[in-house]
Amino acid sequence: MLGNKNNATNESPTRAINYLALGDSYTIGEGETTQNAYPWKIAKILANEEIKFNTKVIAKTGWTSSELLQALSQEKIAPNSYDIASILIGVNNQYRGQSTEQFHEELIELIETTQSFLKSSKKHIVLVSIPDWGITRFGQSSKKPQDQISKEINAFNRVIIQEATKYGLPYINITESYRENGGNAENMVEDGLHPSRYIYKEWAFQLSKIFRELQQL
């Protein structure tokens with residue numbers, strides 16, 4: 001009995017959780033160091049001796065939903081490779097004047113493509129709302145009025161909410177809090193457009209809370 005107990009004590013079983021973060025500049029943390037982007041901050045928040053949190057980011061500044069889809073097709077990801085995923089995409093669709101109808105179709109394809117990468121539950125995809133860049137220094141110097149930017153962002157976010165509901169996926173609204181404090185100088189990087197580490201930290205905490213619930217950490 002004692003021998004068995006000692007053997008059990010000496011063992012260090014680890015649980016590996018594979019996380020796939022999909023998106024654009026907000027996901028890679030444009031203007032910040034990689035470690036300050038929210039996918040990597042989530043890994044730090046959830047890291048402990050019994051859990052190995054593996055993070056894979058597929059994102060690039062300027063990507064629309066169609067460009068993210070194209071990138072995913074080139075990645076050749078094997079089925080059942082990931083435990084959990086997040087998608088934050090659409091701001092560049094809005095910025096380029098693309099329609100919500102096109103975004104809607106591509107978001108559905110993104111969800112279903114991502115589901116094929118997941119292991120146990122096809123509902124372990126967290127959809128994240130699009131931040132309102134109109135409140136930033138860059139946005140306020142844009143030719144398009146700030147209220148028009150906000151209306152368009154709201155329209156894209158309604159599409160995301162609709163698909164989250166249809167597929168039974170977790171949804172996080174980061175837009176409203178970003179509208180309140182995203183325009184503060186300390187919450188922007190030098191380009192006056194992208195969030196600073198303080199904003200990414202907030203997003204990471206919101207995502208990690210849902211990840212804990214989904215993975216029962």
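Is S99 buried, exposed or partly exposed? S99 counts as partly exposed, because its relative accessibility is 31% (buried means under 20% relative accessible area, exposed over 50% and partly exposed in between, with a 1.4 Å probe and protein chains only). S99 sits in the loop between α5 (91-95) and α6; helices here are DSSP runs of H or I with at least four residues, strands are runs of E with at least two, and both are numbered from the N terminus. From the C-alpha atom of S99 to that of I84 there are 29 Å, and the two residues are 15 apart along the chain.

A word on the model before going further. It is a predicted one, in which local features need pLDDT of at least 70 and side-chain atom pairs count only at pLDDT 80 or more, while totals for chains, interfaces and linings use all residues. Residues are numbered from 1 along each chain as its sequence is written, and side-chain values use heavy atoms, leaving out hydrogens and water.

**Two packed helices**

Two packed helices are described by the angle between their axes and the distance between the axes. For helix α4 (residues 65-75) and helix α6 (residues 100-115), the angle is about 30° and the axes are 9 Å apart. Axes are lines fitted to C-alpha atoms, for helices over the stretch in contact, and angles run from 0 to 180 degrees between N-to-C directions. α4 and α6 are therefore roughly parallel to each other (angles under 35 degrees count as roughly parallel, over 145 as roughly antiparallel, 65 to 115 as roughly perpendicular and the rest as oblique). On the α4 side, the contact is made by S65, S66, L68, L69 and L72, and on the α6 side by F103, E106, E109, L110 and T113; contact means heavy atoms within 4.5 Å. Sorted by type, the residues of this contact are five nonpolar, three polar and two charged. In that sorting Ala, Val, Leu, Ile, Met, Phe, Trp, Tyr, Cys and Pro count as nonpolar, Asp, Glu, Lys and Arg as charged, and the others, Gly among them, as polar.

**Aromatic rings**

A search of the whole structure finds ten aromatic pairs. Rings of Phe, Tyr and Trp (its six-membered ring) pair if their centres lie within 6.5 Å; planes under 30 degrees apart count as stacked, over 60 as edge-to-face and the rest as tilted. Two of the pairs are set out here.

| Pair | Centres | Planes | Kind |
|---|---|---|---|
| Y38 and W203 | 6.1 Å apart | at 65° | edge-to-face |
| Y200 and W203 | 5.4 Å apart | at 85° | edge-to-face |

Y38 belongs to helix α3 (residues 38-46) and W203 to helix α10 (residues 197-215), so their pair ties together parts that are 165 residues apart in sequence. Y200 and W203, by contrast, are three residues apart in helix α10, separated by about one helical turn. Y38 is buried at 1% relative accessible area, W203 is buried at 3%, and Y200 is buried at 0%. One aromatic cluster is formed by Y26, Y38, Y178, Y200 and W203.

Neighbours within four places in sequence aside, S25 is in contact with E30, K60, T61, H194 and Y200. S25 is buried, at 5% relative accessibility.

**Positive phi in a loop**

Most residues other than glycine have a negative phi. K76 has a positive phi near 55°, and N80 has one of about 60°. K76 lies in the loop between α4 and β3 (84-88), and N80 is also placed in the loop between α4 and β3. K76 is exposed, with 70% relative accessible area, whereas N80 is partly exposed at 46%.
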